[in-house]
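Let's take a walk through a protein together.

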Amino acid sequence: KGGEPFQTMEILYGGIPAIPGKDGLDGHSWWPEFLAVPAEYMETYYPMIVEEYAVRSDSCGAGEFRGGCGIKKVYRFLADGRITYQDDRHHTFPYGVNGGKPGASSKKTLIRASGEGVDLPSKVRDVPVFEGDRLVFETAGAGGVGDPLTRNPEAVAKDVRWGLVSREAAESEYGVVVKDGSVDSGATASRREELKNQRGELPE
């Protein structure tokens, strides 16, 4: 504080891949027994505010069993300082199997107080930040397993209600039409048939 540079340290998590018969875990530790650092701790000991800490919608790879979602965390800096982090899955997508789609790759954006957005790579060291800047840190999702068009429509609707999957992705990736949080069965059957005809048969 008082104009002196500061550095913070925490561990962020992402999606866990699906397995046959089970969805992947959302925002889960990739290392056993590691815990997230509470936002209140960060805000108490460092000049920053955690403006958002949420699931990263649509980052999960579609599938009969979907991959886990990554997380989105937004930091607003209250003093000048530096940031250093190491992350993965920036250039490559967490792949799906047996017809499952890949999860979203990770993404980091530094938004200057002026409004300018700066895309950052997966690993940086001592990047200067200034009072009023924000860091939008989005971790990777994970790949799905199996044909997304065979996913239980009620499971898709639940993901929409929970904010894990958008209504648009429910329709375009799973062929499930969700209205007011519930499955429109007739529209879903038609949409799934349309998507199947567009893509053809999945490779064995």
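This is a predicted model: local features need pLDDT of at least 70, side-chain atom pairs count only at pLDDT 80 or more; totals for chains, interfaces and linings use all residues.

Residues are numbered from 1 along each chain as its sequence is written, and side-chain values use heavy atoms, with hydrogens and water left out.

The protein has 4 helices and 9 strands. Here helices (H or I, at least four residues) and strands (E, at least two) are DSSP runs, numbered from the N terminus. The C-alpha trace spans about 60 × 35 × 30 Å along its principal axes.

How much of the protein is buried? Of its 204 residues, 42% are buried, where buried means under 20% relative accessible area, exposed means over 50%, and partly exposed lies in between (1.4 Å probe, protein chains only). The accessible surface comes to about 11,200 Å², and carbon and sulfur atoms account for 51% of it; such areas come from the Shrake-Rupley method with a 1.4 Å probe, and for residues only the protein chains shown count as cover. Contacts (heavy atoms within 4.5 Å) tell us about the reach of the chain: among those between residues at least 6 apart in sequence, 68% join residues at least 24 apart. As for charge, the mean positions of the 25 positive and 32 negative charges are 1 Å apart. In that count Lys and Arg are positive and Asp and Glu negative, with His and the chain ends not counted; each charge is placed at NZ of Lys, CZ of Arg, CG of Asp or CD of Glu.

Now find helix H4, residues 185-199. Its 15 residues should span 21 Å at 1.5 Å a residue, and this agrees with its end C-alpha atoms, which are 21 Å apart; the expected span is 1.5 Å times one less than the number of residues. Which residues of H4 are buried? They are Thr-188, Arg-191, Arg-192 and Leu-195. These residues cover an arc of only 100° around the axis, which puts them on the same side of H4; the arc is that of the directions from the helix axis to the C-beta atoms. An α-helix has 3.6 residues a turn, so residues three or four places apart point the same way. Turned away from the buried side is a face with the exposed residues Ala-189, Ser-190 and Asn-197. The cover over the buried residues of H4 includes helix H2 (153-161), helix H3 (167-174) and strand S9 (182-183).

Thr-188 is buried at 4% relative accessibility, and it touches Gly-175, Val-176, Val-177 and Val-183, not counting residues up to four places away in sequence. Glu-193, in contrast, is partly exposed at 45%. After H4 comes Gly-200, with a positive phi near 80°.

Helix H2 has its own buried residues: Val-156, Ala-157, Asp-159 and Val-160. Seen down the axis of H2, they fall within an arc of 160°, so they line one face of the helix. Among the elements that cover them are H3, strand S8 (178-179) and S9.

Next, visit two loops. Between strand S1 (48-55) and strand S2 (71-77) sits Arg-56, which counts as buried at 12% relative accessibility. Its contacts include Cys-69, Ala-104, Lys-107 and Glu-138. Asp-58 lies in the loop between S1 and S2 too; it has a positive phi of about 70° although it is not a glycine, and it is partly exposed, with a relative accessible area of 34%. In the loop between S8 and S9 you will find Asp-180, a residue other than glycine whose phi is positive, near 55°. Asp-180 is exposed, with a relative accessible area of 83%.

Our last stop is Tyr-85, in strand S3 (residues 81-86). Is Tyr-85 buried or exposed? At 9% relative accessibility, Tyr-85 counts as buried. Tyr-85 touches residues including Lys-108, Leu-120, Val-124 and Phe-137. Tyr-85 and Asp-126 are 41 residues apart in sequence, with 8.8 Å between their C-alpha atoms.
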